[in-house]
Amino acid sequence: MAVIEVRDLHKRYGDTVAVDDVSLTVEEGEIFGILGPNGAGKTTTVECIEGVRAADRGSISVLGLDPMRDRQELTRVLGAQLQEGQIPERLQVAEALELYSSFYPSPADWRSLMADLDLTSKARTRYGKLSGGQKQRLSIALALIGNPKVAILDELTTGLDPQARRDTWALIKRVRENGTTIVLVTHFMEEAERLCDRLALIDAGRVVTVDTPQGLIARVGGEKTSLEDAFIQLTRKGLS
Ligand code: ADP
């Protein structure tokens, strides 16, 4: 069953076409990656899916809801990372988790989420005093706090050290096993390869192709081909 259906999504900022008729379908229970270089239109696409940005044209359905029209209903079933500036600086980690969990009818256990993201020792630290990696981990926890049916994670592990990155990947796999469909925006090959069931390669606002990581690699051939080689061959560009 399709959980997210995006059809012919188009968005421009002034003269810049950020998203140029993107269509994609995300199936229930999968980890769907959106992979592409900076400026490809990934964030704009997922912001339209989250209902925080209006598209110029095209249609989006998330669990049968229209993200702009049904925004309130959508926030109950969709988890997204909050950006810096959206979390009050003076709020402590545990306070933030407890507060946000109170917004949902059947939230995740915020204490175990705090432990999963290695934030227990920071429970009484104010948000404004956290390091970049700790803020990132808190934003992941807040995206998952409502036990969402769909979680959208943009640059999941950017700024995390290798151990935190591996722990976060393991957590995301567990969250998926519990039934959450996950959309992962990344420009990080290893993350795409290890986590995603299917990937949409996006370049210059367009979907180049959608396939499994193995399918993409097989398509460009050769045993030693990596996902990065496949990306370069299919887009004629690198990721950075
Ligand atoms: P990505 O997430 O793949 O890096 P974005 O969706 O952030 O891509 O950006 C796509 C294009 O739109 C880029 O050229 C970017 O500079 C431009 N863009 C993104 N947000 C804005 C904005 N708020 N105002 C103007 N241009 C924007």
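Helices here are DSSP runs of H or I with at least four residues, strands are E runs of at least two, and both are numbered from the N terminus.

I then noted that helix H3 (residues 93–101) and helix H5 (residues 132–144) pack at an angle of about 20°, with their axes 10 Å apart, where axes are lines fitted to C-alpha atoms, for helices over the stretch in contact, and angles run from 0 to 180 degrees between N-to-C directions. That makes H3 roughly parallel to H5, a label for angles under 35 degrees.

Next I listed the residues that meet: Val93, Ala96, Leu97 and Tyr100 from H3, and Leu138, Ala141 and Leu142 from H5, with contact meaning heavy atoms within 4.5 Å.

I turned to the sheet, which is open, with three antiparallel strands in the order S2-S1-S4; strands pair if DSSP finds at least two bridges between them. Its edge strands, pairing on one side only, are S2 (16–27) and S4 (57–62). Strand S1 (residues 2–13) pairs with S4 over five bridges, and histidine 10 stands opposite arginine 57 in S4. Helix H1 (residues 42–50) lies across S1, S2 and S4, at about 120° to S1.

I kept in mind that residues are numbered from 1 along each chain as its sequence is written. For this predicted model, local features need pLDDT of at least 70, side-chain atom pairs count only at pLDDT 80 or more, totals for chains, interfaces and linings use all residues, and side-chain values use heavy atoms, leaving out hydrogens and water.

Notes. Parallel < 35°, antiparallel > 145°, perpendicular 65-115°, else oblique.
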